[in-house]
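Please look over the sequence and the model shown here.

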Amino acid sequence: MKRSTIGVTMSVLALTLAGCGTSSGSKSESTPGSEGFTPPEVPMQKTVGKGEGAVNILAWPGYAEDGSNDKTVDWVTPFEKKTGCQAEVKYFGTSDEAVSLMKTGDYDVVSASGDASLRLVAGGDVAPFNTELATNYADVAPFLKDKSWNSVDGQMYGMPHGWGANLLMYNTKIVKPAPTSWSAVFDDASKYKGKVTAYDSPIYIADAALYLMDTQRDLGIKDPYALDQKQFDAAVALLKKQRQNVGEYWSDYTKEVSAFKAGSTVVGTTWQVIANLTKDAAPVKTVFPETGSTGWSDTWMVAAEAEHPNCAYLWADYIVSPEANAQVAEYFGEAPANLKACKETSDKSFCDGYHAEDAAYAAKIHYWSTPITQCLDGRTDVKCTDYAAWTKAWQEIKG
Amino acid sequence: MLGAPLVWLGVVYVGSLAALLVTSLWVQDSFTSEVFRTWTLANFRELLSEPLYRTVLLRTLLIAVLVTLVDLALALPIAFFMAKVARPRTARLLVVSCLMPLWASYLVKAYAWRLLVIDNGVLESTFGASPGFGITAVVLTLSYLWLPYMILPIYSGLDRLPDSLLEASEDCGARPWRTFASVVWPSILPSVVAGSIFTFSLTLGDYITIKIVGGASQMLGSLVYDQQSLNLPLAAAIATFSVAVMGIYLLLVRRTGALDQL
């Protein structure tokens with residue numbers, strides 16, 4: 001009797017579970033990552049009404065500071081005072097984390113990099129962005145509008161926020177002479193065996209590809225996100241070699257801060273904000289390697305089923321307003337999207353340093369984007385490796 | 001009367017396990033992260049065919065065995081002292097101090113170990129040497145974290161063992177070692193097994209310690225953690241892996257009959 005009850009309970013459960021699931025429905029299977037995919041129909045907001053009193057923000061670390069990390073760094077509180085939207089901020093460490101967190105439906109607005117934005121659009125997790133509802137959109141640098149990573153078929157999916165490059169950070173007391181290229185973490189990494197770090201995400205494979213683009217020209221890599229099998233294998237082999245010298249990988253920014261402070265890591269890829277948080281406790285410097293770098297161009301996107309859509313729009317508009325955009329850009333160490341922000345920075349030469357108005361420079365950074373089977377560099381004679389392959393390879397590299 | 005608890009057990013416990021198993025049979029679109037409910041064994045095929053997962057599974061098992069052995073070696077003398085040597089008052093104090101670390105957050109303790117084993121950290125400045133980040137540090141940290149779970153069952157096992165048995169053994173001329181091997185060990189074996197289930201299963205599922213003190217290496221738990229945002233069904237399949245390992249372990253334990261005496 002007892003046994004059969006359990007059996008019944010279990011089979012009932014199994015049936016219920018088969019009926020409900022993590023995905024929103026059995027919509028027709030589109031080819032994953034096909035170029036010119038049709039985003040699912042998601043209505044665009046027509047007006048922005050009064051704030052709902054709260055907003056759930058999913059952001060890169062440093063994008064929504066409320067003074068809890070540093071009392072002088074606070075642009076969330078003025079937003080709350082102005083709009084009455086109480087901000088609840090959650091930081092994420094990788095784009096994959098952002099995509100999976102957006103799937104929970106708990107967030108109203110997200111700062112998505114190029115390797116997350118299109119995945120969110122294709123997954124129907126974010127809504128088309130009504131640029132007329134954002135007063136600051138007009139001041140956004142033209143070279144950030146209607147780009148492949150933030151729009152589909154001419155429809156913007158968010159508010160451009162800022163852009164920048166991944167940098168090489170090193171401990172000036174230990175790493176001598178000062179490194180100028182990524183070889184410090186690849187071919188010369190053995191000099192600092194066990195004290196090298198790398199970003200813990202499959203997208204880091206692009207950093208190796210970028211290095212090979214310059215050092216092994218015969219591979220013919222044109223775009224570090226468009227790798228055919230042979231190019232991909234070379235990048236993976238390089239990373240497996242690097243793995244011998246890596247002490248720790250980081251995806252949580254606080255982990256890299258603590259590793260550099262303690263000296264257990266002395267050289268590796270970083271964001272400027274991490275260097276800013278570290279430099280008081282350890283002698284670190286960052287360098288933009290001469291051969292270029294991977295980087296990000298971020299967009300604030302509004303969730304398709306946002307619980308607080310008005311506050312989400314108010315936030316996306318506020319954070320790209322000249323004052324707030326300038327504060328974020330200076331704190332995080334990136335070029336602000338709003339060109340008027342350049343007049344609001346405390347360091348007047350800030351925007352020149354980050355080439356914020358320089359479209360040609362912006363074009364030189366290899367922005368994170370999601371690798372797909374169709375080569376992003378336009379080659380049609382070969383198939384490129386997609387993100388699934390990158391993901392798999394990344395775990396193998398770590399071993 | 002049985003109904004309500006049974007439903008509770010079914011929904012909360014068996015239900016979540018069933019959800020895990022069911023999810024592991026689905027596939028995820030790597031581009032949109034959307035999970036498709038098409039039934040396939042592909043995830044399990046990948047687990048078996050990729051050498052990576054075998055390596056990580058073996059590494060995790062090795063760590064779990066080492067942690068269990070270290071904890072056993074530490075817990076036996078402590079529990080014996082608490083149960084048979086110390087006065088009741090001291091014994092109670094010792095039990096409380098064994099429980100004390102459980103009141104502190106797991107993360108705090110793991111980060112404390114990070115500061116101990118880090119280069120130029122406490123261990124190095126005190127003893128001149130430190131294992132550094134890696135498997136050794138993981139074994140040490142996990143042994144520390146799970147030690148109370150080993151001490152307490154052994155203590156209660158020893159507590160139930162009548163002193164007269166030890167005296168009888170001594171009267172019959174057995175030396176301490178013989179008494180331990182023939183009298184103490186057989187009677188506390190169920191407690192040891194209970195403790196080892198804790199240390200073994202907790203290690204098998206741990207994903208935080210390896211991230212904090214493990215350097216660049218991976219365990220089953222951290223694979224699941226990393227995969228849950230990349231490929232949820234595969235993460236579920238890997239998790240099923242450790243459930244299976246634990247199931248086998250429990251079956252083996254049951255065969256020894258140790259569970260019947262608990």
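In chain A, 13 residues of domain 1 are in contact with 13 residues of domain 2, where contact is defined as C-beta atoms, placed from the backbone, lying within 7 Å. On the domain 1 side of chain A, α3 and α10 (322-332) each supply at least two of the residues that touch domain 2. By class, that side has 3 nonpolar, 6 polar and 4 charged residues. Ala, Val, Leu, Ile, Met, Phe, Trp, Tyr, Cys and Pro count as nonpolar, Asp, Glu, Lys and Arg as charged, and the others, Gly among them, as polar. The domain assignment of chain A gives domain 1 as 54-163 + 296-367 and domain 2 as 167-292 + 371-398; such bounds come from an automatic or database domain assignment. The centres of the two domains of chain A, taken over C-alpha atoms, are 25 Å apart.

The model is predicted: local features need pLDDT of at least 70, and side-chain atom pairs count only at pLDDT 80 or more, while totals for chains, interfaces and linings use all residues. Residues are numbered from 1 along each chain as its sequence is written, and chains are lettered from A and ligands numbered from 1 in the order in which they are written.

Helices (H or I, at least four residues) and strands (E, at least two) are DSSP runs, numbered from the N terminus. In chain A, helix α5 (residues 205-215) packs against helix α6 (residues 229-243) at an angle of about 105°, with their axes 9 Å apart. Axes are lines fitted to C-alpha atoms, for helices over the stretch in contact, and angles run from 0 to 180 degrees between N-to-C directions. α5(A) and α6(A) are therefore roughly perpendicular to each other, a label for angles of 65 to 115 degrees. From α5(A), I205(A), A208(A), A209(A), Y211(A) and L212(A) meet residues of α6(A), including Q231(A), A234(A) and L239(A). This contact has 10 nonpolar, 1 polar and no charged residues.

Helix α7 (residues 253-262) of chain A has buried residues, among them V257(A), A259(A) and F260(A); buried means that 20 or more other C-beta atoms lie within 10 Å of a residue's own, with C-beta atoms placed from the backbone. The cover over the buried residues of α7(A) includes β7 (167-171), β9 (246-250) and α8 (272-278) of chain A. Just after α7(A), G263(A) takes a positive phi of about 85°.

Between the chains, 40 residues of chain A are in contact with 33 residues of chain B. α1(A) gives the most to the chain A side, with 7 residues.

Technical notes: A residue is buried if 20 or more other C-beta atoms lie within 10 Å of its own, exposed if 12 or fewer, and partly exposed in between; C-beta atoms are placed from the backbone. Two residues are in contact if their C-beta atoms, placed from the backbone, lie within 7 Å. Angles under 35 degrees count as roughly parallel, over 145 as roughly antiparallel, 65 to 115 as roughly perpendicular and the rest as oblique.
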